[in-house]
Amino acid sequence: MAHVADSRIYLIIKKQICQLTEDHSLVAMLLASGEITYQESIDHPDSNIITKSLGSKPSLSDGYVQDLSRFSQDLYLALEDRDILVLCSDGVWSLV
């Protein structure tokens, strides 16, 4: 599993949902740095600005694509029966 931009990957375990990916967007950076609140991020005027994308560079630097390294050095996720991964393309996650 790997991720770039503002598509999202969620994991649902026993009726609890966890967002596995971080958005690569200006608003996500502002939120993470504390410059804006979660409430301000919901309808932020720059919500369409992404900070990373595939195809924008001829080669990608280390760490450009987000993987599972923030969860484990093993880079794998053990799923159990009834665990669900939800893959949302950009624009769909807000409905989720």
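A: M1, L77, L79, L85 and L87 make a nonpolar surface patch of about 460 Å². Patches here join nonpolar side chains (Val, Leu, Ile, Met, Phe, Trp, Tyr) within 5 Å, or like charges within 9 Å, from residues with over 30% relative accessible area and no salt bridge. A salt bridge is a side-chain nitrogen of Lys or Arg within 4 Å of a carboxyl oxygen of Asp or Glu. Areas follow Shrake-Rupley with a 1.4 Å probe, and for residues only the protein chains shown count as cover.

The model is predicted: local features need pLDDT of at least 70, side-chain atom pairs count only at pLDDT 80 or more, and totals for chains, interfaces and linings use all residues. Residues are numbered from 1 along each chain as its sequence is written, and side-chain values use heavy atoms, without hydrogens and water.

L77 sits in the loop between α2 (38-42) and β3 (84-88). Helices (H or I, at least four residues) and strands (E, at least two) are DSSP runs numbered from the N terminus. L77 counts as partly exposed because its relative accessibility is 35%; buried means under 20%, exposed over 50%, partly exposed in between (1.4 Å probe, protein chains only).

R82 lies in the loop between α2 and β3. Its phi is positive, about 80 degrees, although R82 is not a glycine. Most residues other than glycine have a negative phi. R82 is exposed, at 73% relative accessible area.

Now the chain. Its elements run β-β-α-α-β from the N terminus. Of its 96 residues, 24% count as buried.
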